[in-house]
Amino acid sequence: MAPSRADARPVFATGRGAGRPAAARFRAALDAALRIANIVCMLLLVCVFALPFAWMISTSLKTLPETMRFPPDWIPDRPVWSNYADAWNSGPFPKYFLNSLIVSSGILVLQFLTIIPAAYAFARFRFPGRGLLFGLVMATLMIPPQLIFLPVYLMLSDWKLLNTHFALILPFASSAFGIFLLRQSFLQTAGELIEAARLDNAPEWKIMIRIMAPLARPVLATFALFSFISHWNDYFWPLVMTTNESARTLPIGIAKIRETEGTATWNVLMAANVMLAVPVLLAFFAAQRHIIRAFVYSGIK
Amino acid sequence: MARIDLIDVVKQFKGETVIPKLNLTIREGSFTVLVGPSGCGKTTTLRMIAGLERQTSGDILIDGACVNDVEPGKRDVAMVFQNYALYPNMTVRENIEFGLKNRGVPRRERERLVRDICEIVDLTPYLDKKPQSLSGGQRQRVALARAMVKHPKVFILDEPLSNLDAKLRVHMRTELIELHRRLGATFVYVTHDQTEAMSMGDRIVVMHRGEIMQAAAPMELYDDPDNLFTARFIGTPPMNVLPMNLLPNLGTEGEGRAEYVGFRPEHARLLPGSADPPSDGLAIAGSIITRESLGAEHVYQLRTTAGTCFVKQFLRPYAGGDFATAVVPHDRLYFFDGEGRRLRNLRAASRPEPAAAGVR
């Protein structure tokens, strides 16, 4: 199919200038071919990301025997909506859901409170030890949580915070990645804006909150999206830090569906997964709109 | 209204001296223009007055009070930036109000001030728009309004017109002059454009390599330059400067030894090569290499044995052939020494003897 479309281009082009040299026609054909190859590649990429998702939704609407059928069907014979109800009723899901929401948004709020001033300080002030401190912050990026979870666990245990939301929120109250990302964005903001604000008698915190942070909106939205998704989906940390339902989050709850039934009920599991993914998708769409709008705002002139 | 004094101000950037030693008084209520080629230290001077840059040594006084350690926001100065530096996330109203809010001006007072200012600069219909939806001229006005609303003692303007197109620039020039008259505040204006400086300033400070070449009223600069740099910087086309040793028929009387002689293109007259030049002026013969006609004025470039020079004729173009003589009255000649300093005590005198063997 691709070659035939590529051929079509020069025919169209001759309408404009019949006497065009062969080289130009060849270039036009090559351009068209490259464009089509590009589209094909993008479609393949979309498939890589979208197919598992489609498969999840498809499976969530099947009966259990249907999920085992080979060759598999994409469309279930009859959508079984009750899988969703089964998933919801298989544990204290409203509780999990609320926990997930508290933990993910709690982390996000604390991260904003810490990374904005930190990035602002690293970007705007000269103070002794700035390079060293920033280096230390960057170094924490290279430490995997699996390496430090034990001391953190013991610490939180000492403070009697296990099985509370604090145990899931506090260790992530700041983000080296966020500080790095935001600092880059602050460094790029035009100096005149800050100078204008200083002449307008604005205190430093106001420059940060009213001028610098709004200008970094695309970065903040992007960071918020990453942070929210990774903590919403986080499995390891809540698994380690909780031993009862009081602070357990959705990913743990869903994993428990598998444990409780004798055999894995894939259809119910997938229904639960869809429910897990929906808030993430909503967050994504919300952030996407902000990212686009923020990009429109960020021009200086 | 405020007077600004810069006393022995030195500025160094990473060991490099940008301003060696600057002494300048900006009179209260004046429209002072700092002008000079790029890198002459004019913007640095401006930023030091605003407090955005700290001088390495020396004192800056506003209204007699030393402001060395006073924050920019507390100096009672307002600045208009070259790229306007409007806060892109705020509406026009918020941009204008921001400084007032930071000073704790009550809401009602703020609203009144913003309304008054916006009427002056014609921004009322745009109050709730964001800066990026405005045109260049409108943004310029917002920047002006943001500065004006604070009623500062000193207005600092850093090449505020350079981002506008030519027509708007000329229009804004007159608006700024009018604004200065209305506000009566001290204006300090930086530009590299001598036309802008001449047309707006009531006092012009010509700077070069961090030093003040001359500070005077526009016509004084034009008529009575202190040195070669000022002489050549002010005026278009610039003053013609020729070395004395290539003009054997020009003598001087008085103190000092002139190395260069200068004359303004508009003070010279072109005569056809065959005509007899009058005896009371400097006559330089040469051939015309370019002719520019601007309607009311005509500029000729003349190549002579002493160097190329420009001659400007008004209204009636020169009608003769390519071989011509530029004649400059003796009292229109400026003499400079080898260092470029003006020699005011020197007067021109004809030396008729070598003329026959000389330039002609």
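Q: What ipTM and pTM does the predictor give the complex?
A: The ipTM is 0.81 and the pTM is 0.76.

Q: And chain B, what is its mean pLDDT?
A: Chain B has a mean pLDDT of 89, with 97% of its residues at 70 or more.

Q: Where in chain B is confidence lowest, and where highest?
A: Helix H9 of chain B, residues 352-355, has the lowest confidence, with a mean of 47. The highest is in strand S3 of chain B, residues 31-35, at 95.

Q: Which residues of chain B have pLDDT below 50?
A: Residues 353-360 of chain B. Leaving aside near neighbours in sequence, that stretch makes 13 contacts in the model. Where pLDDT is low, predicted coordinates should not be read in detail.

Q: Switching to helices. At what angle do H2 and H3 of chain B pack?
A: About 125°, and the axes of H2 (residues 92-102) and H3 (residues 107-120) of chain B are 10 Å apart. H2(B) and H3(B) are therefore oblique to each other.

Q: Is the crossing of H2(B) and H3(B) left-handed or right-handed?
A: The crossing of H2(B) and H3(B) is right-handed.

Q: Which residues meet there, H2(B) to H3(B)?
A: From H2(B), B:Arg93, B:Ile96, B:Glu97 and B:Leu100; from H3(B), B:Arg110, B:Leu113, B:Val114 and B:Ile117. By class, this contact of H2(B) with H3(B) has five nonpolar and three charged residues, and no polar ones.

Q: Now the open sheet of five strands in chain B. What is the order?
A: The strands run S14-S18-S15-S16-S17 in chain B, and the pairing is antiparallel.

Q: Which strands stand at the edges?
A: S14 (269-272) and S17 (307-314) of chain B. Each has a single partner strand, so one side of each has no neighbour in the sheet. Direction ignored, neighbouring strands of this sheet are turned by 45° against each other on average.

Q: How many bridges join S15 to S16 in chain B?
A: Seven, between S15 (residues 281-293) and S16 (residues 297-304) of chain B, which run antiparallel.

Q: What stands opposite B:Gly286?
A: B:Thr304, in S16(B).

Q: Last topic, the contact between the chains. How many residues does each chain give?
A: Chain A gives 19 residues and chain B gives 19 residues. On the side of chain A that touches chain B, helices H10 (191-199) and H11 (204-215) of chain A each supply at least two residues.

Q: Which element has the largest share on that side of chain A?
A: H10(A), with six residues.

Q: And how do the residues on that side of chain A divide by class?
A: Ten are nonpolar, three polar and six charged on the side of chain A that touches chain B.

Terms used
Residues numbered from 1 in each chain as written. Chains lettered and ligands numbered in written order. Predicted model: local features only at pLDDT ≥ 70, side-chain atom pairs only at ≥ 80, totals over all residues. Axes fitted to C-alpha atoms, helices over the stretch in contact; angles between N-to-C directions. Helix = DSSP H or I, 4+ residues; strand = E, 2+ residues; numbered from the N terminus. Parallel < 35°, antiparallel > 145°, perpendicular 65-115°, else oblique. Left-handed = near helix turned anticlockwise from the far one by under 90°. Contact = placed C-beta atoms within 7 Å. Nonpolar A, V, L, I, M, F, W, Y, C, P; charged D, E, K, R; others polar. pLDDT = per-residue confidence, 0-100. Pairing = 2+ DSSP bridges.
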